[in-house]
Every structure is written in structure tokens, then in C-alpha cells.
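Welcome! Please take a moment to look over the sequence and the model, and then read on for a short tour.

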Amino acid sequence: MNLRRLWAIVLKELRQLRRDRITLAMILLVPIVQLILFGYAINLNLRGLAAGIADQANTAGSRVVVMDMIATGVIAPVAEARTPEELVAMLRRGDINVGIAIPPDFERRKADGSEAVQVMVDGSDTSVQGAAAQLAQLPLASIVGIGEAPLASTPPTRPVSVVAFYNPERRSAVNIVPGLIGVILTMTLVLFTAVAIVRERERGNMELLIATPLSRSELMLGKVLPYVVIGFVQTSVILALGVFLFAVPIRGSLLEVYVASGLLILANLTLGLLISTRARSQFQAMQMTFFVFLPSILLSGFMFPYAGMPALAQWFAEVLPLTHFLRLVRGIMLRGASLAELWLDAIALLVFTAVMMSAAILRFRKRLD
Amino acid sequence: MSAGGELAIRAQGLTRRFGALVAVDRVDLAVPRRAVHGFLGPNGSGKSTTIRMLCGLLTPSAGTIDVLGLSIPAQAEALRKRIGYMTQRFSLFEDLSVRENLEFMADIQALPRARARGRIAELLDEYRFVDRQRQLAGTLSGGQKQRLALACAIIHEPELLFLDEPTSAVDPESRRDFWEKLFELADKGTTLLVSTHYMDEAERCHRIAILDHGALVADGTPAELTARLDGRTLLVTTAEPRRAQQAILGADGVISVAQIGNSLRVLTAAGAGDACSRIAGALARAGQPAEVESVRASLEDVFVAATQRADAKPERVA
């Protein structure tokens, strides 16, 4: 390893990058745009679901139930129906997400303690289903009790109480922003290095480089180092916006957030490099990058909870750097954990990096055949 | 001293196959030091493949290579510090400036800082880039690009320089200029192996080797190679060159007939007796009055004679 040659590659990459305005813009714009899109648009805590209401009882009590459901903010009434069948038709047409049917014998059922209200949910969207389930949690007894004698003298019992730590307001941004650091780093950095070696090959520079004393590890490391800096710039942009726009807390050490990001940055860059030694064209490199990116988003736990995945998918998720980073960054930023407590995921990222880098160096030949 | 003695390159039985295709077929090559060695051949004759094998970029399918006393490809890494290689396609960084490209190559060759500064200043001056050092390499003209590529290839003052068709996309004046630089380098003691398909360039080399379909078909100094064709090249002056051409082509032992203005240049095969009288006789029989004289062979004749024989066997002169 000759530092002079390593520096030559780093300097060359930086000089080329400085003249590549599109890539430069991508480095800064991608995090900003993604953060704003994800931060504002994605809200897994759904509100304002379009609701249709068929109140066949139309008593004072039934109207109170409906008003209370609307007051939760989860639903917004958009249509009235006379029968539950009409609600089903509306659901099928997609006019409403939720139908609320109150049967004519509502008061009697309530008195019996049997089911008095039916909430129909468009189950084709699981998040809608989850949100609407909250409606069923409404303590009907206490609602109905307003202005009347309580139906039962005992208050509704709650055998299990759930205490939400770390994000009691259930704001999605708090959950999404730390993960978004990982998603954006995965999306941009894998691509940067995935095209790095292929580009030299396509432009004819590679034949020149391999005819010089430049070593494989000097070339590979020289390609990675400039983008480490860029990865940290992106991390900083997302963190700053996350804190100022979405009031995302950083409960653990800021330094450790950067260390965790650094581990992910290296893992992604070396993965990209391996892709680059394999791909025959820049287009192919991009396809392969996408092939890695999609499972990262879907299986890492960024979008869907890891705990809900079948064992095989969990196994696969363990191989993805983003999975480990999410555990690290959520732990440090949201739960105030220290890196030492999460050492296993940190080690996983280091091992991933070492394997990818070695594979890339071994795969790269200073030969044309 | 290296095992090669006064030879910079010695290759024996050099062969390279790409699947079923034999790109280079049992080539024996000896390139003496401090000379400009031309590598001539039609497109696809295996010139680039041979050069790449000699640099250690391609592994030969068979044969042995000794370059500057190093066994290639085994010792290719040691060789890379001592050679310069200019690829057929412009391989510098188009989005770096002239100066940045030179700096990059100086760093890659790990020249000591002071020497790097000195060499860059020297080359900018010698290769007339002082006013253009901040210009991006991609915006240079074809001739300028080749000049820059040469400057970058020799920044570490290599003992041996490989140039793969360096002037194929360059105007005639830039080509002359480029060759001046090559001779300057040879004068300073560099060995050069230059592939080309320009006859005038081949003419200027100290020695040339002609490749055809992957086989070495001629090897020697231009004078030796043209001397081999003594008495075999004729000039026919006639009033009706087109009809005379038909008559000549009908005669035995004629390799090619090329019309040049109102005369015909005829190349005949070796060992077929007095070509002059044979051709004159054939013309007389065809009723074509013509003047036939023997002329000095050119390198183009050598090239045609070497590459047009179907059963190409190496024609050794030296």
C-alpha cells in the first residue's frame, strides 16, 4: 500500500466529482427531498379515513357513538347509507375505507351487552385495517354513559396495560427519520461505487490504470474513501433536518450516531464496489444496485416490522446492512442506548464490510482476460 | 544485466486463443534495445493482442515472453514500473485538466515530489501544453490528446514504451510531429514498439514486424525487407492500363497489380524466373504494347507480398 498512489486515486475521484454537477446535486438533493417526502407524507398512524355511516337505530345513544368515533380523528364521514349492504357496496367501489353500521336494535343489544356496533374495514390495505381497529377499542360503556345512568356499576376493566416508551405520541417521523438515514445512505452510496469501476472500464481508463504499478487495494480503497466523506455529509443533512423540521430526538450520543452511520457507509460502499467488479456496464451496475435496494427497504424493518416476518425472511434480513443499522440508530437516537450495548449489530456491519472489500479486491484482476 | 542482453523483448511461440479464434499464432519476436520497432498489420491481425501480452495485461495461451529480462506474465508487476503503455483508445481522464492528468500519472508512478514537479514542468513545455495546462483533456483536439497521452506514458521515463496505433485518428501534420517525439525518445535510449497501419510510419522504423491473421509474416529492417523483393516489382507504362491489367493478371506468378495514374505497379511471386520478360511477353501476346521496367520495391509492396499469400509462412530476412 503506497499512500502516494492511494492519494492519487482519492484526489482524482474528488476532482472528477467536483466537475460532475448532477452527482453533486444528487448528493445533497436526494436526502433533502426524501426526508421531506417521507417525513411529511408517510404517516403510519392513519387519520381521516373516509367513512360511511349507516345509523339504522338513530337514537340519541347511537348518535353519540358516531360522534365519538369521528372525534377520534381516525375517520372522517363522507357518506351516509341506509343499510349495511349499501356500505359494503361503497367499500367495494373504494368510496369509503371504513363503514360503520348501527343496527335498529342498538339500544337493546347495548343493554344485553352484546355487540352493538359493527365497523367494516377495507382490509385490502393492512395499515387501514390496523388503524380502524382502534375504533373497536373505544369504551362503548363510558361513551354511552354520558348523561345517563351507567349501565354497569363497575368501570371497564383493563387487565393488561400498554405503556409506549420512547415515542408516546406515536409520531411516525420519530420512527422514520433515523431509518431514513440508512435508506438514503444505502440508495446513494451503493450506486456511487457500483458504477465506479465499470465507468473506468467503459471510458477506457482501466487499461491505462492496470498497466501501471497501481495495486488492487490502492485502487479499491481510493475509490471508497472520498464517498465516506460524502456519506457523512448526507448523514448530517438528514440529522439536521430531522431535528429541526420533525423534532426527532437524539437521546444517545451524537458521536455514536456518526460511528453507526460510518459503519453503514463502509458496508454500502464496499458492497457497491463488489457490484462494480461484477457488472459489465453502468446500466447493469444500476440494475444490480436496485436488486439490493428493494429488499433493503422491504426487509430491513424500515417499512414493515422485522418481528412480523417469517423466519426465512428474517434470515435474509440479517444479511442486509440496513437491518443492523436500523437497530443501531433507533437504539442510539430514540432509546438512548450506547453503542456498547448494541455491539452485536456493530460487529455485523464490520464483518459485512470486511467480506465485501476482500471479495471486491480478490475479484478485481489487473488483467484483461 | 538482464537475461535478454541487448534485446528488450524476446517472445517465442507466442499464442493467444479467444475461444475458437486464434488471435495470435506462434509469433517469435525479437526487439533490440534503443530502437523504434514497427508493428505492421491489417486491422484484426493481432497487433493489440500481442502488445497486451507483452505488457502482461493478457495471459498467453502458449509461448514464453521475456521483457527487459523479466519473465512475463509472472513478473508483470515488476515490469509495470519500467514500461509505458499508450492504448489505442484515449485512456486518460477527459474530465481532468492536462495538468491534473500529468499530476495523476506522476503520483501513480510514485515519483518523488521534486522530480514529479520537474517532470511535469518539462513535459508541459516540451509537449507544448504550457498555455493549455488548465484545459480539460476531453476538449483537446485528436493530435493534442495523443501528445498528452504520450507525455503521461513517459512521465516516469520508462525504458520501454508500447504504443498501440497511436496516430490512427490524427491529421498528417500531427503525425509527423508525433513521430519526431518518438525519435527523440529513442535517441535518449528508450526502446519503442509502435503498432501502425500507415506505410510512411513503418518506413521510418528501425525495424518492422508484419503480422497477418495472427502470424508473423515478415520481420527485419525496412531496407532488408524491400531488398527481398528485388526484381519482383515492375512498372508497366501503357496506353490502356485497364486492358493491360487483365493481360497481366492472366500471367503466372502475379501477386497483385495496382494502377497508379497511367501506369501499373506489378508485384510478382518469388522464384518464377525473370519477371520482367515474362510480363512483357504476356502483354505482347495480348496485343498490348507496353514498356516494362523493374523498379525498387516499397514497403507497401512488402506488406502486400507478405499479407496476400494464403499459406502465410514467416518470411525471415534477418
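A crossing of two helices is called left-handed if the near helix is turned anticlockwise from the far one by less than a right angle, and right-handed if clockwise.

## Before you start

This is a predicted model, in which local features need pLDDT of at least 70, side-chain atom pairs count only at pLDDT 80 or more, and totals for chains, interfaces and linings use all residues. Residues are numbered from 1 along each chain as its sequence is written, while chains are lettered from A and ligands numbered from 1 in the order in which they are written.

## Two helices that cross

Helices (H or I, at least four residues) and strands (E, at least two) are DSSP runs, numbered from the N terminus. In chain B, helix 3 passes helix 4 in a right-handed crossing. Helix 3 of chain B and helix 4 (residues 113-126) of chain B pack at about 145 degrees, with axes 10 Å apart; axes are lines fitted to C-alpha atoms, for helices over the stretch in contact, and angles run from 0 to 180 degrees between N-to-C directions.

Which residues of helix 3 of chain B meet helix 4 of chain B? They are L102(B), E103(B) and A106(B), and their partners in helix 4 of chain B are A116(B), R119(B), I120(B) and L123(B).

Strand 1 (residues 7-18) of chain B pairs with strand 2 of chain B over eight bridges, and R10(B) stands opposite A30(B) in strand 2 of chain B.

## Where the chains touch

Two residues are in contact if their C-beta atoms, placed from the backbone, lie within 7 Å. In this sense, 22 residues of chain B are in contact with 21 residues of chain A. Helix 3 of chain B gives the most to the side of chain B that touches chain A, with four residues.

The complex gets an ipTM of 0.84 and a pTM of 0.81 from the predictor.

Terms used:
Pairing = 2+ DSSP bridges.
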